[in-house]
Structures are given as structure tokens and as C-alpha cells.
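Student: Could we go through this structure together, feature by feature? I would like to learn how each kind of description is meant to be read.

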Amino acid sequence: KGQNPVFPRILGHEAAGIVESVGEGVTDLKAGDHVLPVFTGECKECRHCKSEESNMCDLLRINTDRGVMLEDQKSRFSINGKPIYHFVGTSTFSEYTVRHVGSVAKINPLAPLDKVCILSCGISTGLGATLNVAKPPKGSTVAVFGLGAVGLAAAEGARMAGASRIIGVDLVPSRFELAKKFGVTDFVNPKEHSKPVQEVIVEMTDGGVDRSVECTGNVNAMISAFECVHDVWGVAVLVGVPHKDAEFKTHPMNLLNERTLKGTFFGNYKPRSDLPSVVEKYMNKELELEKFITHEVPFAEINKAFDLMLKGEGLRCIITM
């Protein structure tokens, strides 16, 4: 929805792999390197890449409509002489893919690819939204809206930061039991209350939480996430991608009372510079990835993986080639 239908194309964006070969001019990588392909990139040359405050590369920022390589505006895939198009520069539902060097993060070769593959998008996004953007002080209270994989990664970040109370907000009660593994201490289902969920959270926390992270993409949840933080020091971070016609509405006094509203893209991680250190968090057991992986299927059963996702069953399903 809202995208130009470029077909046929090879989809897929979360993955891990091994460099098979490199093209002319590529010096940062060589055959045999272990890498995470990333749907956004880091050219290291543009003003965004050179800024410590940005991870939004001018050249390689996500583009869902682009189906070709930047260098010559042509596809690298074909069948019977006809092009098959790329998807967000990754096209990982394939044994082999071709990518721009700026969208490939070189990682520790000892890291298991069937675990760290989930760091190439969703888990890093949620984790970084908390650790890099919300930055909850030790002992603080954090509300997480949406307890899918990204929301649970945000909760995991709050747990790692030492939050004393993590409130999970979701419409599916069955998610709470699983969320406890990620440090969630309280569960609020908006459907079970007659008043707005932000009012419920403000009452629970004596004036509001210190930090909130919204991971649903629902604009009403975004407004609730902002309005449930404490005045003066409260920070709300928006992660979810809203409907294209959505509008965010809140009373200006909520800002004048010194609450802070922030947005984030890919958890503010620069793909090539920062992802290797996130992999190391897993390698030194600071970050548990196994609990995000609930299913595994061979590539021939990829549609089963989509069914699991659409039904909301499980978190991440690993597809093995």
C-alpha cells in the first residue's frame, strides 16, 4: 500500500550471509566476510553520514520503490533475459543477492548467522529506540506500546538500561506472558479500560512514565505514548510507521509542560559503524537473541512463515536456504 508496484521482484530484508565476491572499487569487504545486509545504508561520504547525530544516509536511505542498482539504474537479476527487480536494496529471499557496499555491515565471523540475522532490522530498531534515543536512566519507568518483536526489543533495551518498571501496552492479552521474558513487569490492555490508556498509565505511575516507546504504527497509540509521559522530564519515542494519511494531534500544553517527543529510524544506528557492536552485545551475552526466534522453516515453506506473521503467532521465524 502506498508503494509503486514494481514486479517481478525478489523481496526480503532481514538476513545474514557471507560475501561471495566483490565488484570493482569495493575495498571494505572481501570474499568470505560475514555480513548483515541492511535495508538502509551508510555511504560514509554525505553530510548525514558525517554527522554524529544522524543515521539517515542521503544516498542509501530506504526507498521501497527503487528496484534497481544505483550505479547504472539496472537490475542484477533476470530470468530468460527479462529483469527481476530488487527490493529496498536487499532482496534476501534468495540464495544469492547483489547489494551496494554501503548497505552491508561486516560482523564478527564467529557470530551464528541464524541468530544475528534478526539484528539487520526489527530487533536493532526497537533496541536502539530505547538505548540510543529514549535513554532511560537506571531505575526509571518505561511504557512500551505494542509487544511484537520490535516492541519486545524496546523492552529488552529498557531491561538492559536498568529500568525498574516496564509497562507493556497491547490489545492481545496472550502476549504478556511472553513479554515477561523481556523484562515487562506490568501489562495494560486499552480495551479493558473505559478511559484513555494514557490516563490509566499516568495514574499507575504517579504522574506518568519517565520514557515511552511506541512500536505499533497506530497514530492513536502514538498520541497515547506521548501523553502518558511525565511532564518536564518525560520523553516519548515514536518507532512505528503510520498510515500515510495519519495526523498526530495533541494539545500544545503537553509540549509546553516540557515533555519531549522524538522519532527514530532504525534505532539511530549507523548500519556499518554501529551494527558490529550490537552483534558483540549478543556475543558477550548482554543481549539474548534466542528468545526472539520462535519458529524456523525451510525456504520452500516461506508462505508458512508469512502466515505465522499475519496471524501474530510467534516473533521471528528464521527461513533457512
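Student: Is aspartate 72 buried, exposed or partly exposed?

Tutor: The scale calls a residue buried when its relative accessible area is under 20%, exposed when the value is over 50%, and partly exposed in between, with a 1.4 Å probe and protein chains only. Aspartate 72 has a relative accessible area of 34% and is therefore partly exposed, and arginine 76, at 35%, counts as partly exposed too. Please keep in mind that this is a predicted model, in which local features need pLDDT of at least 70 and side-chain atom pairs count only at pLDDT 80 or more, while totals for chains, interfaces and linings use all residues. Residues are numbered from 1 along each chain as its sequence is written, and side-chain values use heavy atoms, leaving out hydrogens and water.

Student: What do the side chains of aspartate 72 and arginine 76 form?

Tutor: Side chains of opposite charge can pair when their charged atoms come close. The rule for a salt bridge asks for a side-chain nitrogen of Lys or Arg within 4 Å of a carboxyl oxygen of Asp or Glu. Aspartate 72 and arginine 76 form such a salt bridge, their closest N and O atoms being 3.2 Å apart, and by this rule the count comes to 17 salt bridges.

Student: Which distant parts of the chain are linked by the pair of aspartate 28 and arginine 272?

Tutor: Aspartate 28 and arginine 272 meet in a salt bridge at 2.5 Å, N to O. Aspartate 28 sits in the loop between strand 1 and strand 2 (34-37), whereas arginine 272 belongs to helix 9, 244 residues apart; here helices (H or I, at least four residues) and strands (E, at least two) are DSSP runs, numbered from the N terminus. Arginine 272 is buried, with a relative accessible area of 13%, while aspartate 28, at 44%, counts as partly exposed.

Student: How should I read the interface of domain 1 and domain 2, and how many salt bridges does the rule find across it?

Tutor: The size of an interface is often given as the accessible area lost when the parts come together. The division is into domain 1 (17-121 + 269-319) and domain 2 (123-266), with bounds that come from an automatic or database domain assignment. About 1900 Å² is buried between domain 1 and domain 2, and carbon and sulfur atoms give 68% of that area; buried area means the accessible area (1.4 Å probe) that two parts lose on being put together, summed over both. In domain 1, Tyr269, Lys291 and Phe292 lose the most area to domain 2, together 36% of what that side buries. Across the interface the rule finds one salt bridge. Lysine 291 also takes part in a network of salt bridges linking Glu156, Arg159, Glu288 and Lys291; within it, glutamate 156 and lysine 291 have their closest N and O atoms 3.0 Å apart, and glutamate 288 meets lysine 291 at 3.9 Å, N to O.

Student: Where is the kink in helix 3 centred?

Tutor: The bend at a residue is the angle between axes fitted to the seven residues ending there and the seven starting there. In helix 3 a kink of about 35 degrees is centred on glycine 128. Helix 3 (residues 122-134) is mostly covered, with eleven of its 13 residues buried, glycine 128 being one of them. Lysine 135, which follows helix 3, has a positive phi near 50 degrees, and with a relative accessible area of 53% lysine 135 is exposed.
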